[in-house]
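Here are a few friendly notes to read alongside the model. Keep the structure open as you go, and find each residue as it comes up.

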Amino acid sequence: MNIRSLTRGDGVVIGAAVVLFIASFLGLTSFDCPTGVDCSGFEKSNAWDSLGLLMSMFLSGVIGAALIVVGRGMPGRKVAGIDLGQFGVAFCVFALWTAFWTIIDMDADAGAGMILGLLATIVLAGAAIAAPLVPALRAPLMGAPRPQQPQPYGGQPQGGYGYPGAQQPPYGGQPEGGYGYPGAQAGQPGQPQAGQPGPQAQPQGQPSQGGQAQQSAPAADFSPFWFAVPVARPLYAEDGSPTPIAELAPGTWYLAVEQRGQGLVAQTQDGRRGVLQDTTGIQRG
(Lines give C-alpha, C1' and ligand atoms only; values in the text may rest on other atoms or scores of the structure.)
Protein backbone atom coordinates (compact mmCIF):
# COMPACT_ATOMS: atom_id res chain seq x y z
CA MET A 1 0.00 0.00 0.00
CA ASN A 2 1.44 3.34 -1.09
CA ILE A 3 0.77 5.86 1.69
CA ARG A 4 2.29 8.72 -0.34
CA SER A 5 -0.56 8.46 -2.84
CA LEU A 6 -3.06 9.73 -0.24
CA THR A 7 -4.44 13.24 -0.80
CA ARG A 8 -5.53 16.00 1.56
CA GLY A 9 -9.11 14.95 0.98
CA ASP A 10 -8.22 11.48 2.25
CA GLY A 11 -6.70 13.12 5.32
CA VAL A 12 -9.99 14.92 6.03
CA VAL A 13 -11.86 11.64 5.59
CA ILE A 14 -9.56 9.90 8.07
CA GLY A 15 -9.94 12.69 10.64
CA ALA A 16 -13.74 12.72 10.33
CA ALA A 17 -13.86 8.94 10.75
CA VAL A 18 -11.80 9.16 13.96
CA VAL A 19 -14.17 11.81 15.36
CA LEU A 20 -17.18 9.69 14.38
CA PHE A 21 -15.75 6.66 16.18
CA ILE A 22 -15.15 8.73 19.34
CA ALA A 23 -18.71 10.09 19.16
CA SER A 24 -20.09 6.53 19.29
CA PHE A 25 -19.00 6.31 22.95
CA LEU A 26 -20.73 9.56 23.97
CA GLY A 27 -24.32 9.92 25.05
CA LEU A 28 -26.98 10.07 22.36
CA THR A 29 -29.48 12.04 24.44
CA SER A 30 -29.26 14.76 27.07
CA PHE A 31 -31.57 15.72 29.96
CA ASP A 32 -31.82 18.36 32.65
CA CYS A 33 -31.54 16.97 36.13
CA PRO A 34 -34.40 18.33 38.34
CA THR A 35 -33.46 20.31 41.39
CA GLY A 36 -33.01 18.18 44.47
CA VAL A 37 -32.77 14.90 42.54
CA ASP A 38 -29.61 12.79 42.55
CA CYS A 39 -28.93 11.94 38.90
CA SER A 40 -25.48 10.49 39.42
CA GLY A 41 -26.75 6.93 38.95
CA PHE A 42 -28.41 7.72 35.63
CA GLU A 43 -26.46 6.32 32.68
CA LYS A 44 -26.74 7.89 29.27
CA SER A 45 -27.05 5.44 26.41
CA ASN A 46 -24.53 5.57 23.57
CA ALA A 47 -24.43 4.09 20.09
CA TRP A 48 -23.08 0.78 21.38
CA ASP A 49 -26.38 0.21 23.21
CA SER A 50 -28.27 0.30 19.89
CA LEU A 51 -26.90 -2.12 17.31
CA GLY A 52 -29.02 -0.73 14.48
CA LEU A 53 -27.85 2.87 14.91
CA LEU A 54 -24.27 1.75 15.54
CA MET A 55 -24.06 -0.15 12.27
CA SER A 56 -26.06 2.21 10.05
CA MET A 57 -24.45 5.48 11.17
CA PHE A 58 -21.22 5.20 13.13
CA LEU A 59 -19.58 2.02 11.84
CA SER A 60 -20.93 2.64 8.35
CA GLY A 61 -19.03 5.93 8.22
CA VAL A 62 -15.85 4.35 9.57
CA ILE A 63 -16.04 1.48 7.07
CA GLY A 64 -16.63 3.95 4.25
CA ALA A 65 -13.55 5.95 5.21
CA ALA A 66 -11.46 2.76 5.35
CA LEU A 67 -12.61 1.72 1.86
CA ILE A 68 -11.73 5.16 0.45
CA VAL A 69 -8.23 5.08 1.94
CA VAL A 70 -7.56 1.50 0.83
CA GLY A 71 -8.86 2.27 -2.66
CA ARG A 72 -6.56 5.28 -2.89
CA GLY A 73 -3.49 3.50 -1.55
CA MET A 74 -4.06 0.37 -3.67
CA PRO A 75 -5.50 1.61 -6.97
CA GLY A 76 -7.24 -0.87 -9.23
CA ARG A 77 -8.85 -2.95 -6.48
CA LYS A 78 -12.49 -3.62 -7.38
CA VAL A 79 -15.46 -5.53 -6.01
CA ALA A 80 -18.05 -6.69 -8.54
CA GLY A 81 -16.50 -4.33 -11.08
CA ILE A 82 -16.87 -1.28 -8.79
CA ASP A 83 -13.89 0.56 -7.35
CA LEU A 84 -13.40 0.38 -3.57
CA GLY A 85 -13.43 4.18 -3.35
CA GLN A 86 -16.92 4.31 -4.85
CA PHE A 87 -18.15 1.81 -2.28
CA GLY A 88 -16.61 3.99 0.43
CA VAL A 89 -18.39 7.13 -0.80
CA ALA A 90 -21.71 5.26 -0.77
CA PHE A 91 -21.15 4.15 2.84
CA CYS A 92 -20.31 7.73 3.91
CA VAL A 93 -23.43 9.18 2.28
CA PHE A 94 -25.56 6.46 3.88
CA ALA A 95 -24.10 7.30 7.31
CA LEU A 96 -24.97 10.98 6.81
CA TRP A 97 -28.51 10.10 5.71
CA THR A 98 -29.05 7.96 8.81
CA ALA A 99 -27.64 10.60 11.17
CA PHE A 100 -29.80 13.35 9.67
CA TRP A 101 -33.11 11.51 9.99
CA THR A 102 -32.24 10.01 13.38
CA ILE A 103 -31.59 13.38 14.99
CA ILE A 104 -34.79 14.80 13.48
CA ASP A 105 -36.90 11.87 14.72
CA MET A 106 -35.53 11.91 18.28
CA ASP A 107 -38.07 12.52 21.05
CA ALA A 108 -35.49 13.69 23.60
CA ASP A 109 -32.82 16.32 23.21
CA ALA A 110 -29.80 15.21 21.19
CA GLY A 111 -26.72 14.48 23.25
CA ALA A 112 -23.06 15.15 22.56
CA GLY A 113 -22.61 11.83 20.78
CA MET A 114 -25.47 12.45 18.37
CA ILE A 115 -24.52 16.06 17.60
CA LEU A 116 -20.83 15.27 17.18
CA GLY A 117 -21.72 12.25 15.06
CA LEU A 118 -23.90 14.35 12.74
CA LEU A 119 -21.13 16.92 12.26
CA ALA A 120 -18.59 14.17 11.62
CA THR A 121 -20.77 12.49 8.98
CA ILE A 122 -21.33 15.84 7.23
CA VAL A 123 -17.58 16.41 6.97
CA LEU A 124 -16.98 12.77 6.06
CA ALA A 125 -19.49 12.65 3.22
CA GLY A 126 -18.52 16.11 1.96
CA ALA A 127 -14.80 15.25 1.82
CA ALA A 128 -15.49 11.87 0.18
CA ILE A 129 -17.48 13.51 -2.61
CA ALA A 130 -15.38 16.66 -3.07
CA ALA A 131 -11.91 15.09 -2.81
CA PRO A 132 -11.66 14.15 -6.52
CA LEU A 133 -13.19 17.49 -7.62
CA VAL A 134 -11.55 20.25 -5.54
CA PRO A 135 -7.91 20.97 -6.50
CA ALA A 136 -6.96 21.84 -2.91
CA LEU A 137 -8.14 18.41 -1.74
CA ARG A 138 -6.40 16.60 -4.60
CA ALA A 139 -2.97 17.79 -3.41
CA PRO A 140 -0.74 15.07 -1.87
CA LEU A 141 -1.15 14.59 1.86
CA MET A 142 2.57 13.89 2.28
CA GLY A 143 5.19 15.73 0.28
CA ALA A 144 7.39 13.69 -2.00
CA PRO A 145 10.83 12.92 -0.55
CA ARG A 146 13.68 15.03 -1.83
CA PRO A 147 15.63 12.85 -4.24
CA GLN A 148 19.28 12.26 -3.59
CA GLN A 149 21.90 13.05 -6.17
CA PRO A 150 21.53 10.31 -8.78
CA GLN A 151 24.52 8.01 -9.03
CA PRO A 152 25.51 6.12 -12.18
CA TYR A 153 23.44 2.97 -12.45
CA GLY A 154 25.41 -0.07 -11.35
CA GLY A 155 27.48 1.79 -8.74
CA GLN A 156 30.43 2.72 -10.95
CA PRO A 157 32.20 5.80 -9.56
CA GLN A 158 32.63 8.80 -11.80
CA GLY A 159 35.73 8.41 -13.89
CA GLY A 160 35.77 4.62 -13.46
CA TYR A 161 35.83 2.11 -16.26
CA GLY A 162 32.76 2.32 -18.44
CA TYR A 163 31.72 5.75 -17.19
CA PRO A 164 31.57 8.61 -19.70
CA GLY A 165 34.72 10.70 -19.47
CA ALA A 166 36.89 7.92 -18.07
CA GLN A 167 40.33 7.28 -19.55
CA GLN A 168 39.81 4.16 -21.63
CA PRO A 169 42.67 1.90 -22.76
CA PRO A 170 43.33 1.63 -26.49
CA TYR A 171 41.08 -0.71 -28.41
CA GLY A 172 42.27 -4.27 -27.89
CA GLY A 173 43.55 -3.58 -24.38
CA GLN A 174 47.22 -3.10 -25.34
CA PRO A 175 49.05 -0.35 -23.45
CA GLU A 176 50.72 2.44 -25.33
CA GLY A 177 54.18 1.37 -26.46
CA GLY A 178 53.33 -2.32 -26.09
CA TYR A 179 53.72 -5.07 -28.64
CA GLY A 180 52.44 -4.14 -32.06
CA TYR A 181 51.50 -0.61 -31.00
CA PRO A 182 52.71 2.22 -33.23
CA GLY A 183 55.35 4.31 -31.56
CA ALA A 184 57.15 1.48 -29.75
CA GLN A 185 60.84 2.20 -29.36
CA ALA A 186 63.49 0.12 -31.03
CA GLY A 187 64.85 -2.73 -29.02
CA GLN A 188 61.67 -2.97 -27.03
CA PRO A 189 59.27 -5.91 -27.24
CA GLY A 190 57.02 -3.77 -29.39
CA GLN A 191 59.73 -3.45 -32.15
CA PRO A 192 58.80 -5.34 -35.33
CA GLN A 193 61.34 -8.08 -36.10
CA ALA A 194 63.23 -8.26 -39.34
CA GLY A 195 61.25 -9.73 -42.16
CA GLN A 196 57.97 -9.03 -40.43
CA PRO A 197 55.60 -6.48 -41.84
CA GLY A 198 55.36 -3.31 -39.86
CA PRO A 199 52.10 -1.66 -38.88
CA GLN A 200 50.21 -0.58 -41.94
CA ALA A 201 49.19 3.03 -42.09
CA GLN A 202 45.53 3.74 -42.42
CA PRO A 203 44.53 5.41 -45.67
CA GLN A 204 43.45 9.00 -45.29
CA GLY A 205 39.69 9.24 -44.78
CA GLN A 206 39.42 5.71 -43.40
CA PRO A 207 38.38 5.48 -39.73
CA SER A 208 40.75 3.69 -37.45
CA GLN A 209 39.86 0.46 -35.72
CA GLY A 210 39.41 2.30 -32.42
CA GLY A 211 37.17 4.85 -34.11
CA GLN A 212 34.96 2.05 -35.44
CA ALA A 213 34.64 0.64 -31.95
CA GLN A 214 33.68 4.02 -30.59
CA GLN A 215 31.08 4.52 -33.31
CA SER A 216 29.52 1.10 -32.69
CA ALA A 217 29.25 1.72 -28.94
CA PRO A 218 25.94 3.19 -27.71
CA ALA A 219 25.79 6.87 -26.96
CA ALA A 220 26.75 7.61 -23.38
CA ASP A 221 24.94 10.96 -23.08
CA PHE A 222 22.13 9.58 -20.87
CA SER A 223 22.43 10.20 -17.15
CA PRO A 224 20.16 8.43 -14.63
CA PHE A 225 17.66 10.71 -12.92
CA TRP A 226 14.80 10.55 -10.45
CA PHE A 227 11.26 11.16 -11.62
CA ALA A 228 7.65 10.98 -10.44
CA VAL A 229 4.51 10.30 -12.48
CA PRO A 230 1.43 12.59 -12.30
CA VAL A 231 -1.01 9.65 -12.31
CA ALA A 232 -0.72 5.90 -11.84
CA ARG A 233 0.93 4.32 -14.88
CA PRO A 234 1.84 0.70 -15.72
CA LEU A 235 5.40 -0.54 -15.99
CA TYR A 236 5.93 -3.19 -18.66
CA ALA A 237 8.58 -5.90 -18.86
CA GLU A 238 11.74 -5.17 -20.82
CA ASP A 239 11.10 -8.13 -23.14
CA GLY A 240 8.04 -6.40 -24.62
CA SER A 241 5.41 -8.46 -22.80
CA PRO A 242 2.00 -6.71 -22.82
CA THR A 243 1.31 -7.62 -19.19
CA PRO A 244 2.42 -4.93 -16.68
CA ILE A 245 4.87 -6.06 -14.02
CA ALA A 246 4.22 -3.12 -11.68
CA GLU A 247 2.35 0.15 -11.40
CA LEU A 248 4.06 3.47 -10.74
CA ALA A 249 2.09 5.54 -8.24
CA PRO A 250 2.08 9.35 -8.05
CA GLY A 251 3.97 10.92 -5.16
CA THR A 252 6.78 8.32 -5.28
CA TRP A 253 10.21 8.85 -6.82
CA TYR A 254 11.59 6.27 -9.24
CA LEU A 255 15.01 5.97 -10.90
CA ALA A 256 15.25 6.18 -14.70
CA VAL A 257 18.26 4.12 -15.73
CA GLU A 258 18.00 4.04 -19.51
CA GLN A 259 16.30 5.77 -22.44
CA ARG A 260 14.57 3.33 -24.77
CA GLY A 261 12.97 5.09 -27.73
CA GLN A 262 10.22 7.33 -26.37
CA GLY A 263 10.07 5.35 -23.12
CA LEU A 264 12.20 5.03 -20.02
CA VAL A 265 13.61 1.98 -18.30
CA ALA A 266 12.66 2.61 -14.67
CA GLN A 267 13.62 0.85 -11.47
CA THR A 268 11.12 0.52 -8.61
CA GLN A 269 11.97 0.74 -4.94
CA ASP A 270 11.94 -3.06 -4.61
CA GLY A 271 14.49 -3.46 -7.43
CA ARG A 272 12.20 -4.40 -10.33
CA ARG A 273 12.98 -2.94 -13.75
CA GLY A 274 10.60 -2.27 -16.59
CA VAL A 275 9.71 0.09 -19.42
CA LEU A 276 7.52 3.14 -18.80
CA GLN A 277 5.95 3.75 -22.20
CA ASP A 278 3.95 6.89 -21.30
CA THR A 279 6.36 9.59 -20.10
CA THR A 280 4.11 12.62 -20.64
CA GLY A 281 3.94 15.02 -17.71
CA ILE A 282 6.55 13.29 -15.54
CA GLN A 283 8.35 15.37 -12.92
CA ARG A 284 12.14 15.14 -12.91
CA GLY A 285 13.93 15.21 -9.58
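1. Start with the largest nonpolar core, which has 22 residues; Val13, Leu53, Met57, Phe58 and Leu124 touch the most other members. A nonpolar core here is a set of buried Ala, Val, Leu, Ile, Met, Phe, Trp, Tyr and Cys residues joined through side-chain atoms within 4.5 Å. Buried means under 20% relative accessible area, exposed over 50%, and partly exposed in between (1.4 Å probe, protein chains only). At least two residues of this core come from each of α1, α2, α3 and α4, and α2 gives the largest share, seven residues. Helices are DSSP runs (H or I, at least four residues), as are strands (E, at least two), numbered from the N terminus.

2. A word on the source: this is a predicted model, where local features need pLDDT of at least 70, side-chain atom pairs count only at pLDDT 80 or more, and totals for chains, interfaces and linings use all residues. Residues are numbered from 1 along each chain as its sequence is written, and side-chain values use heavy atoms, leaving out hydrogens and water.

3. Look next at Leu53. Setting aside residues up to four places away in sequence, Leu53 touches Leu28, Phe58, Thr98, Thr102 and Met114 (contact means heavy atoms within 4.5 Å).

4. How do α2 and α3 pack? Helix α2 (residues 51-73) and helix α3 (residues 84-104) meet at an angle of about 155°, with axes 7 Å apart. Axes are lines fitted to C-alpha atoms, for helices over the stretch in contact, and angles run from 0 to 180 degrees between N-to-C directions. The two helices are therefore roughly antiparallel (over 145 degrees; under 35 is roughly parallel, 65 to 115 roughly perpendicular, the rest oblique). By class, their contact has 15 nonpolar, nine polar and no charged residues. Ala, Val, Leu, Ile, Met, Phe, Trp, Tyr, Cys and Pro count as nonpolar, Asp, Glu, Lys and Arg as charged, and the others, Gly among them, as polar.

5. Now the other pair: helix α1 (residues 8-23) and helix α4 (residues 112-130) pack at about 160°, their axes 8 Å apart. α1 and α4 are therefore roughly antiparallel to each other. Their contact divides into 13 nonpolar, four polar and no charged residues.

6. Is Ser24 buried or exposed? Ser24 sits in the loop between α1 and β1 (29-30), and is buried, with a relative accessible area of 1%. Beyond its neighbours within four places in sequence, Ser24 contacts Asn46, Ala47, Trp48, Leu54 and Phe58.
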